[in-house]
Amino acid sequence: AQQEQNGLSTVVMLFNEDSWVEIHDGEGEKVAFGVKKAGYEMTVTGTPPFSVVLGKHQVVEITLNGEAIDISNFPKNRLAKFNLPLAE
């Protein structure tokens, strides 16, 4: 895993289809917003925990500090709202 610098974490999202996304970092700053196109890779760096809302989470691959995040168990056909890192 990549080293966390100054307490910052890096989230990378790869969009396999168009999907709406909104991310706030742990300080409440909006660090991502809008529809991302299929094939787009988005990198976001900020203070964790991140608050994430995804429109079609099943088409998005996510890593946090280089480690894959499994969000496949969220209900389909509705917005997925979760924090990164995921709560145990």
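**Aromatic pairs, core and backbone of a predicted model**

A search of the whole structure finds two aromatic pairs. This is a predicted model, in which local features need pLDDT of at least 70, side-chain atom pairs count only at pLDDT 80 or more, and totals for chains, interfaces and linings use all residues. Residues are numbered from 1 along each chain as its sequence is written, and side-chain values use heavy atoms, with hydrogens and water left out.

User: Why are Trp20 and Phe33 called an edge-to-face aromatic pair?

Analyst: Rings of Phe, Tyr and Trp (its six-membered ring) pair if their centres lie within 6.5 Å; planes under 30 degrees apart count as stacked, over 60 as edge-to-face and the rest as tilted. Trp20 and Phe33 stand 5.8 Å centre to centre with 80° between the planes, so they form a pair of the edge-to-face kind.

User: What makes this pair a link between distant parts of the chain?

Analyst: Trp20 belongs to strand β2 (residues 19-24) and Phe33 to strand β3 (residues 30-36), 13 residues apart. Strands (E, at least two residues) and helices (H or I, at least four) are DSSP runs, numbered from the N terminus.

User: How do you know that the charged end of Lys30 sits over the ring of Phe33?

Analyst: The term requires NZ of Lys or CZ of Arg within 6 Å of the ring centre and within 35 degrees of the ring normal. The charged end of Lys30 is 4.3 Å from the centre of the Phe33 ring, and it is assigned as sitting over that ring.

User: What makes up the largest nonpolar core, and which residues touch the most other members?

Analyst: A nonpolar core is a set of buried Ala, Val, Leu, Ile, Met, Phe, Trp, Tyr and Cys residues joined through side-chain atoms within 4.5 Å. The largest has 20 residues, of which Met13, Ile23, Leu54, Ile62 and Leu84 touch the most other members. Two or more residues each come from β1 (9-15), β2, β4 (41-46), β5 (50-54), β6 (60-64) and β8 (80-84). Beyond neighbours within four places in sequence, Leu54 is in contact (heavy atoms within 4.5 Å) with residues including Met13, Trp20, Ile62 and Phe82.

User: Why is β1 described as mostly covered, and which strand does it pair with over six bridges?

Analyst: Five of the seven residues of β1 are buried. Two strands pair if DSSP finds at least two bridges between them. Six bridges join β1 to β4 in the antiparallel sense, with Met42 as the bridge partner of Met13. Five bridges join β1 to β6, again antiparallel, and Val11 stands opposite Leu64.

User: What phi values do Asn65 and Asn77 have, and which is buried or exposed?

Analyst: Asn65, in the loop between β6 and β7 (67-69), has a positive phi of about 50°. Asn77, in the loop between β7 and β8, has a positive phi near 65°. At 8% relative accessibility Asn65 counts as buried, whereas Asn77, at 78%, counts as exposed.

Key: Buried < 20%, exposed > 50% of the residue type's maximum accessible area, 1.4 Å probe, protein only.
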